[in-house]
Amino acid sequence: MYIPHTEADRAAMLAAIGVKSIEELFEAVPAAKRFPELNLPEALSEMEALWNVQSLAGANAAGSEYALFLGAGAYNHYSPSVINHMLLRGEFYTAYTPYQPELSQGTLQAIFEWQSMIAHLTGMEAANASHYDGATSFAEAVTVANTHFRGARNKVILSPNIHPQYRAVARTYHQGTGVRFVGDKSGSAKLEDLIDLLDEKTAMLAIQYPNFFGQIENMHGLAEKVHAAGALLCIIVDPIACAMFRAPGDYGADIVVGEGQSLGIPLSFGGPYLGFFATKKDLVRKIAGRIIGETVDQDGRRAYVMTLRPREQDIRREKATSNICTNQGLMALAGCIYLALMGKHGLRRVAELCYHKAHYAADQISELPGYSVQQRLPFFKEFVVKCPKPVKDINAFLFEEYNIIGGYDLSQDYPDRENEMLIAVTETNTRAEIDDLVEALDRANN
Amino acid sequence: MVAKTDATKVLEPLIYDLGSPGRKADTLLPKCDVPESDFRAELPANLLRDELPLPEVAEIDVVRHFVRLSGLNYAIDKGFYPLGSCTMKYNPKIDEDAARIPGFAMLHPLQDPTTAQGALALMYTLQNWLAEIVGMEAVSLQPAAGAHGEFAGILMIRAYHLDRGDTKRTKIIVPDSAHGTNPATSTMAGYTVIELPSDERGDVDLEALRKVCDDTIAGMMITVPSTLGVFDENILEVIKIVHNCGGLMYMDGANMNALLGIVKPGELGFDVLHYNLHKTFSTPHGGGGPGSGPVAVNSKLAPFLPGPIVKIVEEASEDGGAPLYGWYTPEKTIGRLKAFHGNFGMHVRAFTYISLHGAEGLKAISRHAVLNANYVRVKLADTYKVPFNRHCGHEVVIEGRFPDVPDVHALDISKRLMDYGMHPPTNYFPLIVPEALLIEPTESESKETLDKFIDAMKSIAAEARQDSNLLHSAPYTTPVSRVDEVQAAKQLVLCCRVPNFSTE
């Protein structure tokens with residue numbers, strides 16, 4: 001326990017309060033329900049607790065002895081050592097939300113830098129502090145579109161090539177708001193089909209770049225068509241891809257969101273991750289979440305502070321843009337350090353390594369009998385492989401025989417994509433791992 | 001929206017301003033070990049990007065920059081942090097180590113469940129512990145923060161009524177003392193908010209409650225103990241009134257640190273609540289997150305939980321053997337609230353924290369948190385007005401104002417407290433208490449620390465009477481003095497310029 005009280009402390013404090021026991025302080029709690037038993041295990045010492053979690057962690061197939069080719073929204077990129085050292089500074093991780101700027105300039109400036117780098121990376125004009133993850137960033141983008149038109153437009157066009165979980169989360173968020181989602185029912189709609197759905201009720205059209213299948217769709221002229229219909233364009237991006245491919249802001253996006261986990265944050269079984277949210281400046285007063293602005297203190301020193309606060313729940317209550325309060329602050333710090341450390345030259349190199357390795361792997365796999373790689377559109381670090389048998393069976397073989405964690409089984413979300421595997425390759429996959437994967441896939445077919 | 005950085009005094013340069021064209025950290029990435037494809041030939045030229053406006057710094061620049069920034073922060077690891085409703089207790093270091101074990105940190109969320117049995121076992125156990133602690137039937141660990149858990153809870157209430165064909169319920173009752181997230185959540189779920197006044201003791205006004213309760217009420221959100229720091233003496237009656245009109249009861253679990261082993265909300269009759277693992281179970285606040293906001297429900301709402309959650313899919317074949325865990329989506333689920341399964345790293349920390357305490361340790365947490373708050377309450381009551389001066393929960397609200405010095409405000413007291421080396425309490429919340437200062441000491445703090453805080457608060461009261469300007473201009477010892485929030489909102493600099501930008 002982390003309770004410093006001595007017996008003498010307790011006695012002195014109880015005397016000061018004027019009660020005989022701590023229990024007396026709870027007399028307002030209904031007597032019949034007061035002080036229930038808790039059926040929990042006995043306390044462990046620190047040593048035993050550590051052994052216990054180490055044993056649980058040991059029961060997972062994770063770590064350097066496995067080659068990972070699974071992505072689908074969470075990626076095994078390298079996290080430089082510096083990040084963890086900085087995150088473990090108690091001055092950062094044991095601080096609260098920076099409500100008191102005089103005591104929080106470290107956090108505030110770091111988030112300001114994060115906002116700046118995300119805006120520059122996405123080619124947008126402003127960004128917020130963070131959301132829970134890429135999927136909730138996207139759901140909040142839908143909210144912005146809905147409130148932007150004050151209910152006059154309630155249709156949101158979704159590309160079926162957006163991550164299935166992102167589309168699911170957006171629907172969960174908007175089950176009570178009257179937003180209608182269209183476009184992704186069939187699973188095979190092309191960009192042209194989505195454009196055909198634009199009308200005077202459309203609030204937003206959303207696509208993913210590169211899309212869930214790793215492909216880069218031709219977005220030239222898209223923004224013009226969306227804007228001509230009076231709607232907003234939202235682009236969901238991979239921040240690593242932004243280092244190599246044209247910025248989404250350049251395509252005329254009004255809102256750019258995405259998952260920041262790739263920026264030096266460990267896989268950690270799905271979280272904590274980091275949603276980023278960037279926008280054009282004319283929408284900035286309508287977005288959710290914390291925003292840090294630059295100002296000065298009373299003595300003229302440069303200082304940072306949370307700004308545009310009247311959008312937020314603690315001030316606007318039922319009229320707030322969102323209920324979000326706690327976000328993913330420390331993860332934004334991780335992303336900020338990653339972008340600073342990799343910087344202009346390193347981030348581009350990460351992207352190119354992903355590109356080269358993914359294309360090397362795709363080329364090898366496409367040579368294998370029974371396998372084909374979908375290469376109609378350019379791709380970045382993920383690609384779809386049509387396999388000769390169910391992905392589940394192939395993955396079981398890869399795991400048992402080669403310690404390889406294979407790609408994502410697309411039939412889980414797209415019933416018409418039977419036997420299709422989504423393979424992710426990053427800078428952390430060595431040539432030896434890729435060659436092993438190719439050999440294993442070949443053997444899995446025999 | 002570009003910052004003008006030259007005219008003012010700078011504590012720490014922006015990371016962009018520390019660089020130089022061509023400088024880089026070049027030890028981080030391996031050489032390319034596969035044939036490099038010629039992407040410039042393979043890809044249309046207009047698909048590629050030429051300019052990447054990111055910093056150009058060396059590793060040592062990055063380390064020194066962020067170490068210096070960390071020095072500008074106050075934190076629990078530096079000192080007392082009595083921020084009401086935030087539970088800024090000690091964050092055990094071992095929890096950080098646990099979450100970083102490679103078997104957790106390198107685990108992909110979409111791996112086949114058979115290859116992630118340790119993680120699933122941990123989540124399953126945590127689900128059960130969290131259900132047991134509050135006397136509920138089932139738990140989903142998916143929500144990423146308290147407000148996210150609230151959203152899950154209110155969507156479940158909505159789904160429950162709709163599932164019964166009960167479509168006329170359009171309102172959620174929220175007391176005027178509630179956290180802002182409660183009304184904001186209700187709106188997000190498509191509900192109208194009915195604000196309810198508190199009575200003179202800080203409890204729910206029962207007459208007002210009876211008046212608004214009818215068949216248009218979907219439910220009520222209430223914090224226990226209340227945000228005024230007290231246990232509502234009529235809580236059973238409140239729950240009964242809402243249930244009698246067909247509404248469901250939501251408990252905001254922000255104040256669970258007062259309830260561990262004290263009372264189980266499920267036994268009081270609550271239908272759903274959320275935890276803040278980053279409060280009650282001490283996963284760190286991280287300068288604003290990540291948090292974790294699991295939802296716990298009774299049997300009425302269990303079919304509606306956000307999924308997937310963990311269940312046993314195959315019992316252990318032998319005594320002492322491990323069962324097989326798998327994912328499960330409840331049949332009437334409100335859907336998925338985020339990608340994957342929640343902030344798992346926070347689950348590991350909370351699991352470790354509960355392991356270190358056991359039942360007796362958890363009981364001791366709430367007893368000492370409440371002891372500390374009551375000690376502060378009685379010690380400050382002769383200097384500051386305590387509007388609800390009865391036994392409080394784990395926090396106490398006082399009024400930061402003096403009738404004889406009307407120009408001194410709660411904010412002045414807070415800023416001056418910084419000069420005494422402490423973080424201020426929560427300011428101006430709850431909204432219904434004038435000049436509110438909400439003080440939550442937590443169980444981590446010793447009597448000596450509390451005494452220092454009490455002395456500082458008394459000393460500030462004396463200063464206010466001697467020279468109120470001393471307070472108006474405080475703080476004096478912090479890295480920056482009071483900041484100009486009006487200018488920040490007016491000029492709106494949200495993004496820095498890029499210096500020394502060179503095109504390659």
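User: Is the crossing of H11(A) and H2(B) left-handed or right-handed?

Analyst: Right-handed, for H11(A) and H2(B). Bear in mind that this is a predicted model.

User: How many of them are nonpolar, polar or charged?

Analyst: The contact of H11(A) with H2(B) has 5 nonpolar residues, 1 charged and no polar ones.

User: Now the two chains as a whole. How many residues does each put into the contact?

Analyst: Chain B gives 177 residues and chain A gives 169.

User: Which helix gives the most on the chain B side?

Analyst: H12(B), with 23 residues on the side of chain B that touches chain A. By class, that side of chain B has 97 nonpolar, 49 polar and 31 charged residues.

User: Which helix of chain B does H12 cross, and at what angle?

Analyst: H12 of chain B, residues 344-380, crosses H14 of chain B, residues 447-466. The angle is roughly 30°, and the axes come within 10 Å. That makes H12(B) roughly parallel to H14(B), because angles under 35 degrees count that way.

User: Which hand does that crossing have, left or right?

Analyst: The crossing of H12(B) and H14(B) is right-handed.

User: And which residues make the contact?

Analyst: H12(B) uses B:Asn372, B:Tyr375, B:Val376, B:Lys379 and B:Leu380. H14(B) uses B:Leu450, B:Ile454 and B:Met457. The contact of H12(B) with H14(B) counts 6 nonpolar residues, 1 polar and 1 charged.

User: Switching to chain A. How many helices and strands are there?

Analyst: Chain A has 13 helices and 15 strands. Its C-alpha atoms fill a box of roughly 80 × 55 × 50 Å along the principal axes.

User: What share of chain A is buried?

Analyst: Of the 446 residues in chain A, 60% are buried. Also, among contacts in chain A with a separation of 6 or more, 72% join residues 24 or more positions apart.

User: What domains does chain A have?

Analyst: The domain assignment gives domain 1 (67-79 + 344-444) and domain 2 (81-338). Their centres, taken over C-alpha atoms, are 28 Å apart in chain A. The contact takes 25 residues from domain 1 of chain A and 23 from domain 2 of chain A.

User: Which element gives the most on the domain 1 side?

Analyst: H11(A), with 7 residues on the side of domain 1 of chain A that touches domain 2 of chain A. By class, that side of domain 1 has 15 nonpolar, 4 polar and 6 charged residues.

User: Last one. Where is B:Asp199 found?

Analyst: B:Asp199 is in the loop between strand E3 (192-196) and helix H8 (206-212) of chain B.

User: How does B:Asp199 count, buried or partly exposed?

Analyst: Partly exposed, because B:Asp199 has 13 C-beta neighbours inside 10 Å.

User: How far is B:Asp199 from B:Thr114?

Analyst: B:Asp199 and B:Thr114 are 55 Å apart in space, C-alpha to C-alpha. In sequence, B:Asp199 and B:Thr114 are 85 residues apart.

Definitions and conventions:
Residues are numbered from 1 along each chain as its sequence is written. Chains are lettered from A and ligands numbered from 1 in the order in which they are written. This is a predicted model: local features need pLDDT of at least 70, side-chain atom pairs count only at pLDDT 80 or more; totals for chains, interfaces and linings use all residues. A crossing is left-handed if the near helix is turned anticlockwise from the far one by less than a right angle, and right-handed if clockwise. Helices (H or I, at least four residues) and strands (E, at least two) are DSSP runs, numbered from the N terminus. Ala, Val, Leu, Ile, Met, Phe, Trp, Tyr, Cys and Pro count as nonpolar, Asp, Glu, Lys and Arg as charged, and the others, Gly among them, as polar. A residue is buried if 20 or more other C-beta atoms lie within 10 Å of its own, exposed if 12 or fewer, and partly exposed in between; C-beta atoms are placed from the backbone. Axes are lines fitted to C-alpha atoms, for helices over the stretch in contact, and angles run from 0 to 180 degrees between N-to-C directions. Angles under 35 degrees count as roughly parallel, over 145 as roughly antiparallel, 65 to 115 as roughly perpendicular and the rest as oblique. Two residues are in contact if their C-beta atoms, placed from the backbone, lie within 7 Å. Domain bounds come from an automatic or database domain assignment.
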